[in-house]
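Open the model in your viewer and keep the selection tool at hand. The tour goes from one selection to the next.

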Amino acid sequence: MKKQVYIYKSFERFWHWAQAALISLLMFTGFEIHGSYKILGFENAVNVHNWSSIALMVLIVFTIFWHFTTGEWKQYIPTLNKLVDQVKYYTYGIFHGHPHPVTKTVRKKMNPLQVITYLGLKLIFIPLMVFTGLLYMLFRFMYGGQLHSIEFFSLDSIAFWHTLGAYFLVQFVIVHVYMTTTGHTVTENIKAMITGYEEIEVEEEKKKEVVEV
């Protein structure tokens with residue numbers, strides 16, 4: 001039986017769209033800083049890039065707090081259960097109208113492949129971007145009335161890893177946007193992330209879980 005279920009909480013939706021806006025702004029200004037085009041001008045692009053990165057770091061701190069205080073961090077516990085089925089679905093079944101191998105619930109919103117992807121994003125690539133971004137911003141600093149530079153890393157190596165992470169994020173965004181169109185309708189997943197409600201299969205034994213939330 002299908003039912004409209006309130007699956008994405010208000011902060012979760014705010015976090016998602018605020019993060020999407022900030023990452024888009026960082027991508028846009030980042031490419032201008034690298035000279036791919038000239039719209040804002042180099043100095044303005046750097047300023048917008050720096051303030052957007054600070055806003056994103058503040059959002060990340062609040063989001064980590066939200067995940068641990070609400071127990072939502074449990075959504076990211078990886079599992080091998082139905083992982084192979086999910087890979088087969090994305091590489092074959094989705095193009096032949098096969099049913100999704102994993103039923104979404106309030107307590108398990110992501111399939112096993114999504115869990116691995118988002119866990120890698122949160123534990124590897126986001127920290128990489130934050131760490132190298134901070135090194136970039138603080139590479140030269142005043143101390144004792146003199147200008148100093150960070151000695152542990154070269155500016156070229158910081159730029160390399162920051163740019164590498166940025167290109168990964170660009171690929172992630174492209175795949176993520178595409179995957180939002182693979183619901184029962186093209187806009188189903190986007191509507192769910194706006195309203196919080198999604199039509200999902202609710203088995204009899206899972207009704208209690210849905211009602212409790």
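Which residues form a nonpolar patch on the surface? In this predicted model, select W51, I54, V58, F62, L134, Y136, M137 and L138. Together these residues have about 780 Å² of accessible area.

Next, colour the helices behind the patch. Select α2, residues 42-70, and α4, residues 112-137; each of the two supplies at least two residues of the nonpolar patch. The largest share comes from α2, with four residues.

Now pick Y136, a patch member that lies in helix α4.

Then bring in the annotation. The unreviewed UniProt entry lists residues 14-31, 51-68, 115-139 and 159-179 under "transmembrane region". Select 51-68 from that list: the span is 100% helix and 0% strand, and its end C-alpha atoms lie 26 Å apart. Move on to 159-179, where the end C-alpha atoms are 30 Å apart and the span is again 100% helix with 0% strand.

Last, select residues 8-196. UniProt places the feature "domain: Cytochrome b561 bacterial/Ni-hydrogenase" there, also in an unreviewed entry. How far apart do the end C-alpha atoms of this span lie? A distance drawn between the C-alpha atoms of residues 8 and 196 comes to 4 Å.

Key
Residues are numbered from 1 along each chain as its sequence is written. This is a predicted model: local features need pLDDT of at least 70, side-chain atom pairs count only at pLDDT 80 or more; totals for chains, interfaces and linings use all residues. Side-chain values use heavy atoms; hydrogens and water are left out. UniProt positions are given in the numbering used here, feature names are shortened, and annotations may be inferred rather than shown by experiment. Patches are made of residues with over 30% relative accessible area and no salt bridge: like charges are joined within 9 Å, nonpolar side chains (Val, Leu, Ile, Met, Phe, Trp, Tyr) within 5 Å. Accessible areas come from the Shrake-Rupley method with a 1.4 Å probe; for residues, only the protein chains shown count as cover. A salt bridge is a side-chain nitrogen of Lys or Arg within 4 Å of a carboxyl oxygen of Asp or Glu.
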